[in-house]
Amino acid sequence: MPNTTVVVVGAGHCGLAMSRCLADRSIDHVVLERGEVANSWRTRWWDSLRLLTPNWMTRLPGGYAYRGEDPDGYLAAREVAGLIGDYAVESAAPVLTCTTVTAVESAVESTADGYVVRTDQGTWQAHAVVVASGACATPVVPTFADQVPAGIVSVTPDAYRNPGQLPDAGVLVVGASASGVQIADELQRSGRQVTLAAGEHVRMPRTYRRRDILWWMDASGLLDETYDEVDDLIRVRNLPSMQLVGTPQRTVDLNALQAAGVRLHGRLVGIRDGVAQFSGSLPNVCALADLKLGRLLDSIDIWAMSAGLDGAGDERLAPTRVPAPAPLSIDLRSGEIGTIVWATGFRPDLSWLDVPTLDRKGRLVHDGGVTSAPGLYALGLPFLRRRKSSLIDGAAADAADLTAHLAGHLDAVAARRRTSA
Ligand SMILES: Cc1cc2nc3c(=O)[nH]c(=O)nc-3n(C[C@H](O)[C@H](O)[C@H](O)COP(=O)(O)OP(=O)(O)OC[C@H]3O[C@@H](n4cnc5c(N)ncnc54)[C@H](O)[C@@H]3O)c2cc1C
């Protein structure tokens, strides 16, 4: 059985960031990847997907960053895959591709501190394991999706590629976060009538005070807010993604989508006898999103004034227009809807983790990425240690913190061994 000090599961940007930090401390490790480096960006998502973060925010440990000529642009998915692939090469990351981790177990028989990592290419023994297998591994679809009448195509954002893949009929997009609004926008522009079911969402202008909104969130320190600074950690970890698209100067909020012809409904709450039923809460969720956006922009104004920055004068977005009365049902048997896009979120796939650190819903229990199992860590989960933890730009600080903790753990293991020898 090969031995290593640390096994990192997954060679996305998080696994590679961790690898770089481990290498900087000369900690022996291997990165096990079921596909190729940056597998998610290579094999999933729709053709037109671009980062919603500007290129200058693509920064990774070791001083690696976007080096192109368009720092304010937004990389396409295949360009992100290329950039992460180049990072792996430049870091000389010890990645084993085409190696799927099938189980991680405590190696109690041989060492109280180690793990046995089983893969389809053999078994490893390690003192520590870092789970970097992706927060968005599996789409989450409501249980009532199985009530969709026969003949309607159901698709999730990781399987959607382009409008040509779908029937030439109306589309119901369920979910108004980043994936939902981007796909709704593209399908409406393809000539299909799109209906968007919107629950709680995070409204965001692409630019504010003549700069990208993410520039303000980064410069003001908002994205650096740490997990021990927020009042309700569970809530912030479950917040929907921002309604942003990687197209310069274009906002894709509910007003923009309605102006393009998208019909707006409330949250989809069930399907009964072929009839889709929507919540009447649309006015409330829109008012709440407007209120929260207003608070965000107020805080940016205050910070901009304290930093002596001008640039005021951007119009604030008009309040979200809500159809009155908001429609409460659609008969899915009428032929109006040919496809349902379930843009209802994602979750990690930790089915291979045989260590008792999952709650009863199968979620990893952790404190800033440090689990209760000694030597078991996680990276890349929402608000893991900072507001920006789920962004590419968040990996550097999180990986550095976790590597420091992991190094302390290895020192403690070594000290225990010396004492017992
Ligand atoms: C649609 C979408 C758009 C996004 N846009 C942005 C954006 O604009 N800007 C931004 O900063 N962030 C964005 N994100 C968030 C985040 O940057 C990405 O989700 C990113 O891919 C996460 O990186 P990761 O390394 O944590 O996971 P991944 O990139 O998913 O990497 C995990 C790796 O683990 C491998 N793996 C999984 N299970 C196993 C196993 N059992 N054995 C071996 N290998 C395994 C996978 O093959 C994969 O290569 C976006 C996310 C999504 C879903």
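How far is an oxygen atom of the ligand from an N or O atom in the side chain of Arg34? I read 3.0 Å for this pair.

I note that the model is predicted, with local features needing pLDDT of at least 70, side-chain atom pairs counting only at pLDDT 80 or more, and totals for chains, interfaces and linings using all residues. Residues are numbered from 1 along each chain as its sequence is written, and side-chain values use heavy atoms, with hydrogens and water left out.

**Ligand.** For Leu52, I found a polar backbone atom 2.5 Å from an oxygen atom of the ligand. For Trp41, a polar side-chain atom lies 3.4 Å from a ligand oxygen atom.

**Cores.** I then checked the largest nonpolar core, which has 62 residues. A nonpolar core is a set of buried Ala, Val, Leu, Ile, Met, Phe, Trp, Tyr and Cys residues joined through side-chain atoms within 4.5 Å; buried means under 20% relative accessible area (1.4 Å probe, protein chains only). Val7, Leu16, Met18, Val104 and Leu406 touch the most other members. I followed Met18: leaving aside residues up to four places away in sequence, Met18 touches Val8, Val130, Leu379, Ala399, Leu402, Thr403 and Leu406 (contact means heavy atoms within 4.5 Å). I also noted a second, separate core of 28 residues, with Trp46, Leu166, Ile183 and Val262 among them.

Notes
Buried means under 20% relative accessible area, exposed over 50%, partly exposed in between (1.4 Å probe, protein chains only). A polar contact is a pair of N or O atoms within 3.5 Å; within protein, one must be able to donate a hydrogen and the other to accept it, and residues adjacent in sequence count only if both atoms are side-chain atoms.
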